[in-house]
Amino acid sequence: MSSPIVKLVAQRIALGILLLLAVSVLIFAGTQILPGDVAQAILGQSATPESLANLREQLGLNDPALIRYFRWLGGVVTGDLGTAMSSGQDIAMSIKGRLWNTLFLAFWAAVVAVPLAIILGLIAVRYRNGWVDKLISGLALASTSFPEFFIGYVLVYFFAVKYQIFPGISTVYDEMPFGERMQAIMLPAAALTLVVLAHMMRMTRAAILNVMQSAYVETAELKGLSAFAVIRRHAFPNAIAPIINVVMLNLAYLIVGVVVVEVIFVYPGMGQYLVDHVTKRDVPVVQAVGLIFAAVYISLNIIADIAAIVANPRLRHPK
Amino acid sequence: MADQRAKSVLLDIRNLRIEATVFPPGEAPKNIVLVHDVSLTLEKGKVLGLIGESGAGKSTIGLASMGYGRGGVRITGGEVILNGRDILKGGKEGFRKLRGREVCYVAQSAAAAFNPAHRLMDQVVEATLLHGTATRAAAEKRAIALFKKLSLPNPESIGERFPHQVSGGQLQRVMTAMALCSEPDLIVFDEPTTALDVTTQIDVLAAIKDAIRDTHVAALYITHDLAVVAQVSDEIMVLRHGRLVEWGGTRQIIKEPRQEYTNALVSVHEIEHQEQKPGTNPFLSVKNITAAYGRSHIKVLKNVSVDIYPGQTLAVVGESGSGKSTLARAITGLLPPEQGTVTFDGRPLANRLADRPKEDLRQLQMIYQMADVAMNPRQTVGTIIGRPLEFYFGLRGRERDKRVAELLDKIEMGKGFVDRYPAELSGGQKQRVCIARSLAAKPKLIICDEVTSALDPLVANGILKLLLELQKEENVAYLFITHDLATVKSIADSIAVMYRGEVVRYGAKSQVLAPPFDAYTDLLLSSVPEMEIGWLEKAIKGRRMASAGN
């Protein structure tokens, strides 16, 4: 690897870490602004001034905010996300399984959605402005326009209630065999796929169409290449950077934005965990989940940036 | 005899008619005819030059011989008979089999025509492999042999490079190799040297000519430069507005043109301009300017000094990257120089544009190469020309309109254009409006940055004549930036030759263009194509002798 790439990649990673730190400050500050503190929340109705003071002393809440922030950050860095107030359980332990569930769902949704979106985009360009293109664009737009809970319930109605092919409630547990697990996530994965498909497909189409105006596409046509070969070999490789960007944005959405779909299908993932604890006003859990979502979002975008850098032949092969 | 000729005919185009649908803004789409019933024949191994201004239909005809139309262009009549069969009857499949195998294409800008994502070798052998005429190993071997023939450096390894790693002149040769690699019967060269510097053009031209001769391929050579086409063609066809004007042997066309239009093309550069002697007091002096972009250590201008005298023209000439436009940016304050000063009327001008008073801004005006992007497409000609009148002189209402009309008169366009939009003007008219806009400020100096480079020769000639007339009337000075030495010869009073950021030769026109020359000016002058058969061979030979003498 050549030096300009290493430098650019290092820059992106450093920026990402900096950004994540800034987000952690915001999350911490946000929870400080809220009225009441953890001690009050734990003791609730039974709080007396003495018990409150004791608990605060015990939890270190009397220390200045800066010290508490670094204590929290230090914990996060070493893998200690604190203790949930509502259940008294270790947050890191409860999140581990749920994060894995969310990633599992997102992974399978992406495995279907990303190639499908790109292939549909390529086909739309091949038959641009014809009926195939319009059909693809129309269906994709329609699936995006419906809210995800609507799509979710329509899927449940047909595939779980009417034809009973897949379960309507996606319960999964740790020892579940792979096949059953796949069957359980089928409907939420389908709902997620339909939600993210159109955006990726339309951006793929637009990015490739943009490149189709280039002189090198004409050169390829004048070599006698078939229309699809021109798109695949000559247009697509030059449209890859914007496509990667939109794919990564949607992958981030699959992980961070699944809240609604997880709640509909009662899927034990991060989204449902977050919603549960927001209703319980469990601040440490909300902090931890918020930080993890931010980390996922930022890292996927860094990956998109790096992929775009690596895809650029000018950077890969400097003069 | 006639029978023999018929056998050797490769391409026979009969009554070709090409149409396109255009979508003028605010009007219904309409059909226009780009090529009107043009016929031509080309024998095997011969070169036919297609020449004309933009819109003459020369590229359209060239692409039609591959069954290709750009955008909404359609072939609506006639026959294109290649190797004895009408290719227009072959349908899409037929076109695909023919393109890249029987006919190949060399584009104007190889830099844009190569795919930036793939290595050169993969692109060069792509058509050969696609049509299955050779194995990959055989095709690559052939490509390397062609790289050698076209005198590319490192022929064995240049194919491993990506397009951005190779210079423009080299890319143009690689593209010629790409066209030759599948051993076609016909190559369409579409302005293959137009985008190159003159000193590069001559080598590429010689390489293309040798390759055509050695491989016995036939060629359609499309260009607007008659001097260039005279070097490579056996016959020349002159086209105008999609119609045939004249078709004949190369010697006949350039020595005894029969049509008036051909004659105008042949004698295009004959503008008479009496050189004025520099006065004693330059009104603008550039002293020892050094400039760089950003914090770069690469100096784009190195210690440049020139003087400009009232009502005279200083031509700055050089290749792309020599720093000519940067000099203009330094003078106008767009790029503050690191060292050196610009003195105007005896006092130093502020380095930065933002620090200059309005009056200084008024005195220096600019005209650009691309007139279309130098005007707001949503403003009328009247608004465009009227703006500096309001801005510098506070003219309003009737007074302003009167002055706009005067200016339109000066550029020979008339009041009728006041309400027109730039999109409704031709290239030459657009440039005239830009000239009027700069004149409106009544400047002492107008900086003309390649103002005729994007125009057809005859239109460019009109612009140059206009500039010279205006200079007499308004006593305005020009700093004329160009790469075209013929233009310099016709309008300059003094000349500065720039090379890699330095002025290598500077003085009155008659001095600069008279021997003894320095090495670079000699190279530059000897590279300008002359309308004379055999010039190319002579120039190349002269160059070899010069390098042997070194």
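## Before we start

This is a predicted model: local features need pLDDT of at least 70, side-chain atom pairs count only at pLDDT 80 or more, and totals for chains, interfaces and linings use all residues. Residues are numbered from 1 along each chain as its sequence is written, while chains are lettered from A and ligands numbered from 1 in the order in which they are written.

## Chain A: helices

Let's begin with chain A, which has 14 helices and 0 strands (helices are DSSP runs of H or I with at least four residues, strands are runs of E with at least two, and both are numbered from the N terminus). Its C-alpha atoms fill a box of roughly 85 × 60 × 35 Å along the principal axes. Of the 319 residues in chain A, 33% are buried (a residue is buried if 20 or more other C-beta atoms lie within 10 Å of its own, exposed if 12 or fewer, and partly exposed in between, with C-beta atoms placed from the backbone).

Contacts tell us how the chain folds back on itself (two residues are in contact if their C-beta atoms, placed from the backbone, lie within 7 Å). Among contacts in chain A between residues at least 6 apart in sequence, 72% join residues at least 24 apart. An unreviewed UniProt entry lists residues 99-304 of chain A as "domain: ABC transmembrane type-1"; such annotations may be inferred rather than shown by experiment. Over residues 99-304 the chain is 82% helix and 0% strand, with its end C-alpha atoms 21 Å apart.

## Chain B: two domains

Now for chain B. Its domain assignment gives domain 1 (2-21 + 49-70 + 80-238) and domain 2 (284-514), with bounds that come from an automatic or database assignment. The centres of domain 1 and domain 2 of chain B, taken over C-alpha atoms, are 38 Å apart. The contact between them takes 6 residues from domain 1 of chain B and 6 residues from domain 2 of chain B.

## A sheet in chain B

Look for an open sheet of 6 strands in the order β6-β7-β8-β3-β9-β10 (chain B), with mixed pairing (two strands pair if DSSP finds at least two bridges between them). Strands of a sheet pair through backbone hydrogen bonds, either parallel or antiparallel. At the edges stand β6 (103-106) and β10 (243-249) of chain B, each with a single partner strand, so one side of each is left without a neighbour in the sheet. Inside the sheet, β3 (47-51) and β9 (235-240) of chain B pair in the parallel sense over 4 bridges, and Gly49(B) stands opposite Ile236(B) in β9(B).

Is Thr223(B) buried or exposed? Thr223(B), in strand β8 (residues 218-223) of chain B, is buried, because 22 other C-beta atoms lie within 10 Å. Leaving out residues up to four places away in sequence, Thr223(B) touches Gly49(B), Ile51(B), Glu191(B), Thr194(B), Val228(B) and Val229(B).

## Another sheet in chain B

Chain B also holds an open sheet of 6 strands in the order β16-β17-β18-β13-β19-β20, with mixed pairing. The edge strands, β16 (364-367) and β20 (502-508) of chain B, each pair on one side only. Strand β13 (313-317) runs parallel to strand β18 (477-482) of chain B, and 5 bridges join them. In this pair, Thr313(B) stands opposite Tyr478(B) in β18(B).
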